[in-house]
Amino acid sequence: MLERLDRIEKEATRELEVARDDEALQAWKVKHLGRSAELGTIFDGLRELDKDERRAVGKRVNEVKTSLEAAYQARLERLRQEGLDRSLREERLDVSLPGRPLPRGRLHPANQMLRQILTVWSEMGFQIYRSREVETDDYNFGLLNMPPHHPARDMWDTFFTTDPGVVLRTHTSPGQIHVMRERAPETIRVVLPGMCYRYEQITSRAEIQFNQVEGLAVGRTITLSDLKGTLNAFARRIFGEQVRTRFRADHFPFTEPSGEMDIECFLCGGEGCSVCKGTGWLEILGCGMVHPTVLTNGGYDPNEFNGFAFGLGPERVAMLKHRIEDIRYFWTNDMRFLEQF
Ligand code: DAH
């Protein structure tokens with residue numbers, strides 16, 4: 001019996017050494033320590049032995065069992081450790097490898113310019129007011145002193161929707177009426193940024209969509225000098241302290257008088273170059289004193305109130321500042337262009 005136990009121990013130990021994975025280890029455990037293991041049958045047979053033999057064999061059975069259990073635990077540990085070592089070795093990260101750079105997002109150049117312009121205006125005391133992109137014909141034209149069939153409407157090639165009388169705004173000026181109707185009879189200092197749409201032939205200088213920033217000031221004692229002073233201050237902040245400006249007469253139905261502001265070409269310093277087309281000046285915005293009819297339509301008595309307004313194109317400003325020669329770059333999503341800003 002004792003020899004049998006020695007043999008069991010020796011065989012089991014040898015088998016254990018060749019168990020290489022969890023599965024083999026599990027099978028070994030069932031075979032040698034499980035309920036129907038040979039060791040168990042010896043244990044069950046103990047009671048048939050005589051007293052001395054029973055004691056000796058019983059002791060030995062327990063020894064073998066304990067030693068096999070310990071060997072099993074040791075083997076288990078060993079395999080675990082080996083597995084861990086292997087995965088550490090095989091999956092090792094080389095922390096000194098250079099990382100993969102994450103592509104960094106940025107603001108679109110049109111939005112960068114728009115934000116810069118709005119920051120300047122808000123620092124100068126103008127509130128930002130957002131107005132709708134889909135307008136009625138009346139807001140886009142009529143209330144701005146262009147009744148139906150007024151020839152000045154031809155200045156804005158318009159996208160009409162299938163709803164009669166509903167258009168995509170061709171400029172941000174209809175926002176003037178919305179603000180006035182909301183605020184009358186309070187004084188107003190606002191800028192109205194946003195997308196405008198025109199049914200244009202797309203060229204390097206004209207797009208069917210673009211941003212504008214409209215400005216409106218309404219009060220009791222506003223003069224043309226206020227308009228010029230304010231716009232000059234704005235130009236200095238955007239183009240630099242040294243910039244020179246000039247105002248030219250123009251015509252818009254919603255302002256009287258109306259004008260255009262030019263800045264001295266900052267590329268050639270007024271000498272004349274390809275960007276300013278030899279004139280030395282760059283056209284920046286349209287402006288004027290709010291027409292009495294427009295004030296009335298906004299709910300203000302033109303005998304008591306007056307105001308100034310202006311409209312500028314941030315993409316145009318960005319084109320001049322960055323020497324972008326084609327406005328189509330703005331909406332074609334070419335990363336080579338966008339990544340420069
Ligand atoms: N709405 C004009 C345009 O799109 C720009 C403009 C001119 C706006 C004069 C004004 C203004 O407020 O006073 O061409």
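Which domains does the domain assignment of the chain give? The assignment, which is automatic or taken from a database, gives domain 1, covering residues 2-90, and domain 2, covering residues 109-338. The C-alpha centres of domain 1 and domain 2 lie 91 Å apart. This is a predicted model, in which local features need pLDDT of at least 70 and side-chain atom pairs count only at pLDDT 80 or more, while totals for chains, interfaces and linings use all residues. Residues are numbered from 1 along each chain as its sequence is written, and side-chain values use heavy atoms, with hydrogens and water left out.

The space that the ligand takes is the largest pocket, a pocket being an open set of points, on a 1 Å grid over the protein atoms alone, with protein on both sides within 12 Å along at least five of seven lines. Around the ligand there are 16 residues, of which His 171, Ser 173, Arg 198, Gln 212 and Glu 214 come nearest; a residue counts as near if one of its heavy atoms lies within 4 Å of the molecule. This shell divides into six nonpolar, eight polar and two charged residues, with Asp, Glu, Lys and Arg counted as charged, Ala, Val, Leu, Ile, Met, Phe, Trp, Tyr, Cys and Pro as nonpolar, and the others, Gly among them, as polar.

Several polar contacts, that is, pairs of N or O atoms within 3.5 Å, can be followed here. An N or O atom in the side chain of His 171 is 2.9 Å from a nitrogen atom of the ligand, whereas Ala 309 places a backbone N or O atom 3.2 Å from a ligand oxygen atom, and for a backbone N or O atom of Phe 310 the distance to an oxygen atom of the ligand is 3.3 Å. Of the 350 Å² of accessible area that the ligand has on its own, the protein covers 93%, as computed by the Shrake-Rupley method with a 1.4 Å probe. Strand 5 (209-219), strand 8 (281-290) and strand 9 (306-312) are the elements that give two or more residues to the shell, where strands are DSSP runs of E with at least two residues and helices are runs of H or I with at least four, numbered from the N terminus.

The backbone also deserves attention. The peptide bond from Ala 184 to Pro 185 is cis, with omega near 5 degrees, and Pro 185 is found in the loop between helix 7 (174-183) and strand 4 (188-197). Another cis peptide bond joins Glu 256 and Pro 257, with omega about -5 degrees, and Pro 257 lies in strand 7.

Technical notes. A polar contact is a pair of N or O atoms within 3.5 Å; within protein, one must be able to donate a hydrogen and the other to accept it, and residues adjacent in sequence count only if both atoms are side-chain atoms. On a 1 Å grid over the protein atoms alone, a cavity is a set of points where a 1.4 Å probe fits but cannot get out, and a pocket is an open set with protein on both sides within 12 Å along at least five of seven lines; lining residues have an atom within 4 Å of a point. A molecule sits in a cavity or pocket if more than half of its atoms lie within 2 Å of its grid points.
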